[in-house]
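This briefing covers a ligand, its surroundings and the pockets of a protein. Please look at the model first, then read the points below.

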Amino acid sequence: MARNSIYHAVRLLGIRPGQTVLLPAYVCETAVEPLIEARVKVEFYAMTRNCEIDYDDLTARITANTAAVLAVHYFGFPTTIEKLRALCDERGIALIEDCAHVLFDRIHDRPLGTFGDASMFSWRKFLPVFDGSTLRINNRGNDMNLDLHNVPLSIQARSTKHAIANVPVVGRTLRTLKRILVRRAAPTASETASARPPQVDAYETNTDHFTLSNADFAMTWASRHSLGYSDFVAIAAARRTNFAVLWSQLNNTSGVTPLHSKPPPEGGPWVFPLIFGEHHDAHKTIRKLGVPAVAWDGVRPSRLSQAFPDADFLYHHLVFLPVHQSLDEVHLERIVSAVELAASGPTDPKPR
Ligand SMILES: Cc1ncc(COP(=O)(O)O)c(C=O)c1O
């Protein structure tokens, strides 16, 4: 997962324990924990309410101890990475380009993920895979050796089951076959108990935390296979279309402002980010209406003690709406109605 890639990037970039890595004040805990485990000092820089880097604040925080700056292409929309690259070069520090929300895109014909000294991608956000990340080291690598191990068979089986369960099938016979395969691929209780070494008990990919004992495991076979066969261009196009539909419906809704007016030019957005001007935690209302909206209030880094008022605003007011490639017209209409209700004020809506 991308969190493991962040952890490994620290060593591969030659960042030493005790050196500082600067992170945006608007970020999830999952991106911070690997750095703490890698024993670097984590400090934060300010973001504006538009989710853009506050360069005055960032520049003022760079010291002789700063080894790297981490920047996020939030929600798959390119950040001002060329400007940041120039700043890092000028100050002689590394750039970690966090592409966890990116399903490819380019700036001036150059792919995202090639600007940083290291970059990392998170495939679970886009594809029906159990695990998986890509780590790119573009520059500076001292020791490029990553000694990864395969997860035990019981976990490979869980990943395979996950992949099969997500293959769309048409027709009764194929559906029955799929049910049998999914059941067979699931480890039995005794297989699980005997096959897993103790540290793998905690092998979970659907969590908000970094687990050091899992960092050296390679992507499962099924996830690698799914990655190789995924039609990234079609997935990105479907997500951009969903983005455009939501934008056209929500652009004039009072009380909310889309963070972006257009989808990323080529890539697929991770979500549709929407600012609720008045209401805190609108995503909770939307969730009660059956739409899996998310915000980062629950995964705010525990170390973020300094005051970052604009980042605080984003934690409470910026809601992520789904744009998944499998959504149809009815889903999108349901998302729009839920947003309209949440934007009209705090309510206790009946779940649909
Ligand atoms: C900005 C950012 N970086 C890294 C991660 C970690 O990604 P993964 O879940 O693949 O470990 C996340 C997770 O949401 C994220 O939002």
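Helix 1 gives the largest share of the lining of the second largest pocket, four residues; helices (H or I, at least four residues) and strands (E, at least two) are DSSP runs, numbered from the N terminus. This is a predicted model, in which local features need pLDDT of at least 70, side-chain atom pairs count only at pLDDT 80 or more, and totals for chains, interfaces and linings use all residues. Residues are numbered from 1 along each chain as its sequence is written, and side-chain values use heavy atoms, with hydrogens and water left out.

**Second largest pocket**

- Its volume is about 350 Å³, a volume being the space filled by probe spheres set on grid points that are joined across faces, edges and corners.
- The lining has 23 residues, and Met1, Asn4, Ser5, Ser133 and Phe217 are the closest to the centre.
- A pocket is found on a 1 Å grid over the protein atoms alone, as an open set of points where a 1.4 Å probe fits, with protein on both sides within 12 Å along at least five of seven lines; lining residues have an atom within 4 Å of a point.
- Helix 1 and strand 8 (133-137) each supply at least two lining residues.

**Largest pocket**

- The largest pocket holds about 1,300 Å³ of space.
- Its lining has 46 residues, with Arg124, Lys125, Asn206, Trp270 and Val294 closest to the centre.
- Helix 1 (2-12), helix 2 (29-37), helix 9 (232-250) and strand 11 (318-322) each supply at least two residues of this lining.
- The ligand sits in the largest pocket, meaning that more than half of its atoms lie within 2 Å of the pocket's grid points.

**Ligand**

- The ligand is surrounded by 13 residues, each with a heavy atom within 4 Å of it.
- The closest are Ala2, Arg3, Asp98, His101 and Ser122.
- A polar side-chain atom of Asp98 is 2.6 Å from a ligand nitrogen atom, within the 3.5 Å limit for a pair of N or O atoms in a polar contact.
- An N or O atom in the side chain of His101 lies 2.7 Å from a ligand oxygen atom.
- Ser122 has a polar side-chain atom 2.6 Å from an oxygen atom of the ligand.

How values were computed: Polar contact = N/O pair within 3.5 Å; in protein donor to acceptor, adjacent residues only side chain to side chain.
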